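Work through the exercises below with the sequence and the model side by side. Try each task before reading its solution.

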Amino acid sequence: MGAQLVSAAVVHAMPHLARHHKARVALTVMALTAKDTDDQPIYFAGWRPIARALGLAGSHDSQRTTVSRVWRELRLAGCISPASDIASSRTTSTWHLLVEKWPHMNQLVLPVDNPSGGG
């Protein structure tokens, strides 16, 4: 479903999230779940797929809390925004993937010199 979104996430957002492994995993799950063809891709699968991908154990409450913290990191980084009115519920599990902002995160990554050719 979201192969192009995953590609965009890896190229543009992942370098910005380098020190946040859980956020990188969560964004990958979210990008894979959302549809590439939507003008504004939406993740709607909830916290459980992300908890599974992170290998979280423990109670549902503790897993949900961990995923909520990861969503907060992604929100603060500018990768996602709530797709529903947060005021209407305690937590949201429907998110817009802010693909249009991901290329601008790229500025935090230094170029690497990879010479072509051998020896």
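**Exercise 1. Which residues in α1 meet which residues in α2?**

Solution. First, the ground rules. This is a predicted model, in which local features need pLDDT of at least 70, side-chain atom pairs count only at pLDDT 80 or more, and totals for chains, interfaces and linings use all residues. Residues are numbered from 1 along each chain as its sequence is written, and side-chain values use heavy atoms, with hydrogens and water left out.

Step 1. Locate the helices. Helix α1 covers residues 3-13 and helix α2 covers residues 21-33. Helices (H or I, at least four residues) and strands (E, at least two) are DSSP runs, numbered from the N terminus.

Step 2. List the contacts, meaning heavy atoms within 4.5 Å. From α1 come L5, V6, A9 and A13; from α2 come L27, T28, A31 and L32.

Step 3. Sort them by type. Seven are nonpolar, one is polar and none is charged. Here Ala, Val, Leu, Ile, Met, Phe, Trp, Tyr, Cys and Pro count as nonpolar, Asp, Glu, Lys and Arg as charged, and the others, Gly among them, as polar.

Step 4. A3 is exposed, at 57% relative accessibility. Buried means under 20% relative accessible area, exposed over 50%, and partly exposed in between (1.4 Å probe, protein chains only). From A3 to T28 the C-alpha distance is 9.8 Å, across 25 residues of sequence.

**Exercise 2. Describe how α2 is oriented against α1 and against α4.**

Solution. Two packed helices are described by the angle between their axes and the distance between the axes.

Step 1. Take α1 with α2. Their axes come within 8 Å and cross at roughly 150 degrees. Axes are lines fitted to C-alpha atoms, for helices over the stretch in contact, and angles run from 0 to 180 degrees between N-to-C directions. The two helices are therefore roughly antiparallel. Angles under 35 degrees count as roughly parallel, over 145 as roughly antiparallel, 65 to 115 as roughly perpendicular and the rest as oblique.

Step 2. Take α2 with α4. These axes come within 9 Å and cross at roughly 85 degrees. So α2 and α4 are roughly perpendicular.

Step 3. Name the contact residues. K22, A23, A26, L27 and M30 of α2 face T66, V70, W71, E73 and L74 of α4 in this contact.

Step 4. Check T66. T66 sits in helix α4. T66 is buried at 17%. Not counting residues up to four places away in sequence, T66 touches K22 and L56.

**Exercise 3. Is L27 buried or exposed, and what does it contact?**

Solution. Step 1. L27 lies in helix α2. Its relative accessibility is 0%, so L27 counts as buried.

Step 1. Beyond neighbours within four places in sequence, L27 contacts A9, A13, M14, L17, L74, C79, L97 and W102.

Step 2. Compare sequence with space. L27 and C79 are 52 residues apart along the chain, with C-alpha atoms 8.1 Å apart. I80 is 53 residues from L27, and their C-alpha atoms are separated by 8.7 Å.

Step 3. Turn to I80. I80 lies in strand β2 (residues 80-82) and is buried, at 1%. Apart from neighbours within four places in sequence, I80 contacts M30, W71, L74, R75, W95, H96, L97 and L98.

**Exercise 4. How many aromatic pairs are there, and how many salt bridges?**

Solution. Step 1. There is one aromatic pair. Rings of Phe, Tyr and Trp (its six-membered ring) pair if their centres lie within 6.5 Å; planes under 30 degrees apart count as stacked, over 60 as edge-to-face and the rest as tilted.

Step 1. The ring centres of W71 and W95 are 5.4 Å apart and the planes are at 45 degrees, so this pair is tilted. W71 is in helix α4 (residues 60-77) and W95 in strand β3 (residues 95-97), 24 residues apart. W71 is buried at 4%, and W95 is buried at 2%.

Step 2. The whole structure has one salt bridge, defined as a side-chain nitrogen of Lys or Arg within 4 Å of a carboxyl oxygen of Asp or Glu. D61 and R64 form the bridge, with the closest N and O atoms 2.5 Å apart. D61 and R64 are three residues apart in helix α4, so about one helical turn separates them. R64 is partly exposed, at 25%.
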